[in-house]
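Subject: Structure handover

Hello,

Here is the structure I said I would pass on. My notes on it follow below.

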Amino acid sequence: MPTPKPILPLQTGVKAQEEEQSSGLTIFFSLLVIGICIILVHLLIKFKLHFLPESVAVVSLGILMGGFIKIIEFQELANWKEEEMFRPNMFFLLLLPPIIFESGYSLHKGNFFQNIGSISLFAVIGTAISAFIVGGGIYFLG
């Protein structure tokens, strides 16, 4: 007869309320940053500021938001440590695929196929060199 699974304790009261509030703030903070990024990119396009790449503007916005959060924490107005955490899964599952798609979509096919030999050479040789350096480093240091 299989052993029954233990029943996990249900969080109620203050602990559950704090966790729910933290989750709400995390969603709010993420949507706020995404909304500001969209507005920033729209303004760059509207005012034809082509000398400033969109990625640089968005990274600069991230630096400003991080500084703003540090100032708020230093003044002890709020504690947003949990909300500002950037998890690797969020990057790999949500942010990286659109970046790769946009790069491939806007790539000029003529330039790509004109340089396919050097691209393939750097991809194969570079990957092999990186694998040997990382593997050798792990082997000798481990």
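Leaving aside neighbours within four places in sequence, Met-65 is in contact (heavy atoms within 4.5 Å) with Phe-29, Leu-32 and Val-33.

This is a predicted model: local features need pLDDT of at least 70, side-chain atom pairs count only at pLDDT 80 or more, and totals for chains, interfaces and linings use all residues. Residues are numbered from 1 along each chain as its sequence is written, and side-chain values use heavy atoms, with hydrogens and water left out.

Met-65 also belongs to the largest nonpolar core, together with Phe-29, Cys-37, Leu-61 and Ile-69. Such a core is a set of buried (under 20% relative accessible area) Ala, Val, Leu, Ile, Met, Phe, Trp, Tyr and Cys residues joined through side-chain atoms within 4.5 Å. The elements giving two or more residues to this core are α1 and α2, and α2 supplies the largest share, three residues. Helices are DSSP runs (H or I, at least four residues), numbered from the N terminus.

Phe-51 sits in the loop between α1 (14-46) and α2 (54-74). With a relative accessible area of 68%, Phe-51 is exposed, the cut-off being over 50% (1.4 Å probe, protein chains only).

The UniProt annotation "transmembrane region", from an unreviewed entry, covers residues 25-45, 51-69, 90-107 and 119-141; such annotations may be inferred rather than shown by experiment. Residues 25-45 are 100% helix and 0% strand, with end C-alpha atoms 30 Å apart. For residues 90-107 the figures are 89% helix, 0% strand and 25 Å.

Regards
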